[in-house]
Amino acid sequence: MKVEPRKAPSWSRYWEGAPGHEDKFRDECGVFGLYAPGQDVANITYFGLYALQHRGQESAGITVSDGERLHTRKGMGLVAQVFDEPHSLTGLRGDLALGHTRYSTTGSAKLLNAQPMQLDHPQIGPMAIGHNGNLTNYQQLHDELEEHGVQFETSSDTEVILRLIGQTPGPDLRTVLSRSLPRLEGAYSLVILTKDALVGVRDSLGVRPLCLGTLADGGLIIASETCALDTVRARLDREIEPGEAVIIGAGGVESFRLQPSVRKAACMFEFIYFARPDSQMMGKNLYEARRRMGRELARQLPTEADVVISLPDSGTPAAHGYAEESGIPFREGLIKSRYIT
């Protein structure tokens, strides 16, 4: 009897036919924002993105404000590939910077979808945005903006956020954000750059991570993970709260609530997979959190085995914990090449 191999299920049936479908399931990206007058903000942002490379390998970009205009360089590939020449950062001079490294699902690997994305607001002036997450009301907002004459250039829900802000009038940045961003539904963290301010925004459930830090030589950072702060020798001040917006500028730091947060719902995959194990989230070191998960798994599901092996790299801390709790020795059974992505 001939046995036909089983085919993997086609997930495309869940999103085919929808405008912008290729970004519907995009989840993880890395964002890094910096306000540091007098410092080489582009270079610092470059190293911050290096630390966040695990959150996205499709494209990378940096936008810098010189106080009047925004200057952007972005491209497809890893951070080191996009900024691969000695003069890559030469034209990016200013006091504020925004960096982004992007992950997406199959079909949306296009330069148009690379971030940061930029537009000119009628009252605020030039602004750029970096986005980690996805919107559940993407299509509703997209259709509504199109009905008002907005033309879209990309298939990304990030552009929906940017166009929504651009279509919202207001005398100042706080008013514009307070009128526009509460309309977003979903899991997201945003870093927004204007000519004189840096903004960090977190969704009302706190699904996507975002933290605030301070450089040793002065300057403030907004980043997806604390590992980016460690790389540029900055200290962690705190996590940005769910539903909170933070505006950083010459006048200092302004914090306000964009949306009420009735409960917290951090993404479990940040804890077990997405985030780097040397990052901290919710006051916990992720390596130790994953190791404790392994110990708990050994208590709940004991088994008889000769060795414990991990699927590197994200499964290694949990495998160590399982081995410690069960008394079964840990061994490296799978070896990951360090020279391919």
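Reader: Which word applies to Arg233, buried or exposed, and why?

Author: Arg233 counts as exposed because its relative accessibility is 70%, where buried means under 20% relative accessible area, exposed over 50% and partly exposed in between, with a 1.4 Å probe and protein chains only. This is a predicted model, in which local features need pLDDT of at least 70 and side-chain atom pairs count only at pLDDT 80 or more, whereas totals for chains, interfaces and linings use all residues. Residues are numbered from 1 along each chain as its sequence is written, and side-chain values use heavy atoms, with hydrogens and water left out.

Reader: What is the phi of Arg233, and where in the chain is Arg233 found?

Author: Most residues other than glycine have a negative phi, and most peptide bonds are trans. Arg233, although not a glycine, has a positive phi of about 60°, and it is found in the loop between helix H6 (226-231) and strand S11 (234-239); helices (H or I, at least four residues) and strands (E, at least two) are DSSP runs numbered from the N terminus. Met282 is also not a glycine and has a positive phi, of about 55°, and its place is the loop between strand S14 (280-281) and strand S15 (284-285).

Reader: Which peptide bonds are cis?

Author: The bond from Gln115 to Pro116 is cis, with omega near 5°, and Pro116 is found in the loop between S4 and S5. A cis bond also joins Pro312 and Asp313, with omega about 5°, and Asp313 lies in the loop between helix H8 (286-300) and helix H9 (316-326).

Reader: In what order do the seven strands of the open sheet lie?

Author: The order is S3-S2-S4-S1-S10-S9-S11, with antiparallel pairing; two strands pair if DSSP finds at least two bridges between them. Strand S3 (70-76) and strand S11 (234-239) are the edge strands, each pairing on one side only. Within this sheet, strand S2 (residues 59-65) and strand S4 (residues 96-102) pair in the antiparallel sense over seven bridges, and Ser65 stands opposite Leu96 in S4.

Reader: Which residues touch the most other members of the largest nonpolar core?

Author: In soluble globular proteins, nonpolar side chains tend to be buried together. A nonpolar core is a set of buried Ala, Val, Leu, Ile, Met, Phe, Trp, Tyr and Cys residues joined through side-chain atoms within 4.5 Å. The largest one here has 31 residues, of which Leu177, Leu181 and Leu184 touch the most other members. Elements giving two or more residues to this core include strand S6 (125-135), helix H4 (157-166), helix H5 (173-180) and strand S7 (186-194), and the largest share, five residues, comes from H4. Apart from it lies another core of 28 residues, among them Val41, Ile62, Leu92 and Leu229.

Reader: Which residues does Leu181 touch, not counting residues up to four places away in sequence?

Author: Leu181 touches Ile161, Ile165, Tyr188, Leu190, Ile192, Val201, Leu258 and Gln259, on that count, contact meaning heavy atoms within 4.5 Å.

Reader: How is Glu185 classed, and which residues is it in contact with?

Author: Glu185 counts as partly exposed because its relative accessibility is 45%, and it lies in the loop between H5 and S7. Leaving aside neighbours within four places in sequence, Glu185 is in contact with Asn134, Leu135, Thr136 and Asn137. The C-alpha atoms of Glu185 and Leu135 are separated by 5.6 Å, although the two residues are 50 residues apart along the chain.
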